[in-house]
Every structure is written in structure tokens, then in C-alpha cells.
Amino acid sequence: MARAVELAQAAGDAGEVPVGAAIVDGTGKLIAEAQNRRERDCDPTAHAEILALRAAGQVLQDWHLNQCTLYVTLEPCPMCAGAIVQARIGLLVYGADDPKTGTIRTAANIPDSAHSCHRLEVLGGIMESVCRDRLLSWFEARRKN
């Protein structure tokens, strides 16, 4: 999670919403990482989780990421939650809850939905205060401007 926090900081410094994601394989080796790039890439799907999932699939040459753990600083949105379920991630670890668009446990629960094709193990609230404070201070600075 510490690496995801570093990536979130880099995203925020680049003018992106400060969210970072890192994926480790079953041995604990970091195989993919990403930060939000929507503004830089002019791509609405360039969320940190999506980019990290794509990179991990390329590294493993497989879209089944069952043995992987995804660390992300913010509870995933509906698009990312769907991609995480589709990738069959073994474990999702996230930092701050997102009461507005979080669809893992907060605003909705995509992984436990009857429509979900994969039961996702989830740990939320890891380094929560660091992740939440970074987001809040980033948005506060933007609102002042």
C-alpha cells in the first residue's frame, strides 16, 4: 500500500486526482503499478486500477489475476470494481472509503452482487487516514483556486 500512496502523490502532483494502484503476484513481487492518468491521457477510463490491471495482464500474459493482490488508495468506482471482478483479482486492498462512488462496500457492493461472476476478498481501511487526507487536501487546494 505504501507504493500505491507514492503513486497517488505523483498523480496529484501531475494534476490528476491522487489515486495510485499497485499489483503484486502470489509471491509478493510487484508486477504492475499505475496512477490516475485521465487528464494526461484524455481518457475517461485511465483510472489507476484499470491501468494497473492492464499492465499486470501483459506481464503475466493472462487476464486471470486470481493469485494477485491489488492495492489502491481509494475504494474503486463502478467501472473499476467491474474490471477488478472481471480480472478475478484474488484480494483487493484499499485505503479510503469513497462515500459518493465507492462500489466495493460503501455506496454499493458490486463484488457481492448476485450478478458478480467472482467472489472478491476485500480489506478496506488500510492506511486509511493517509489516503483520505491526501485526497481531501488535494481537492481543498483545487477548490481554493
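The model is predicted: local features need pLDDT of at least 70, side-chain atom pairs count only at pLDDT 80 or more, and totals for chains, interfaces and linings use all residues. Residues are numbered from 1 along each chain as its sequence is written, and side-chain values use heavy atoms, with hydrogens and water left out. The protein chain contains 5 helices and 5 strands (DSSP runs numbered from the N terminus, with helices being H or I of at least four residues and strands being E of at least two).

**Overall fold**

- In sequence order, the elements of the protein chain follow the pattern α-β-β-α-α-β-α-β-β-α.
- The protein chain is as compact as a globular protein of 145 residues, because its radius of gyration of 14 Å is close to the 15 Å of the globule rule (taken over C-alpha atoms; the rule is 2.2 Å times the number of residues to the power 0.38).
- The C-alpha trace spans about 45 × 30 × 30 Å along its principal axes.
- Of the contacts with a separation of 6 or more, 56% are between residues 24 or more positions apart (contact means heavy atoms within 4.5 Å).

**Burial and surface**

- Buried residues account for 46% of the 145 residues (buried is under 20% relative accessible area, exposed over 50%, and partly exposed in between, with a 1.4 Å probe and protein chains only).
- The accessible surface is about 7300 Å², and carbon and sulfur atoms contribute 52% of it (Shrake-Rupley method, 1.4 Å probe).

**Salt bridges**

- The count of salt bridges is 7 (a side-chain nitrogen of Lys or Arg within 4 Å of a carboxyl oxygen of Asp or Glu).
- Arg 3, Glu 6 and Glu 33 are linked in a network of salt bridges.
- Arg 3 lies in helix H1 and Glu 33 in strand E2 (residues 30-35), so the pair ties together parts 30 residues apart in sequence.
- Glu 6 is partly exposed at 47% relative accessibility, as is Arg 3 at 34%.
- Arg 105 and Asp 112 form a salt bridge with closest N and O atoms 3.4 Å apart.

**Backbone**

- Most residues other than glycine have a negative phi.
- Arg 88 has a positive phi of about 60 degrees and sits in the loop between helix H4 (78-86) and strand E4 (91-96).
- Met 127 has a positive phi of about 55 degrees and lies in the loop between strand E5 (121-123) and helix H5 (128-144).
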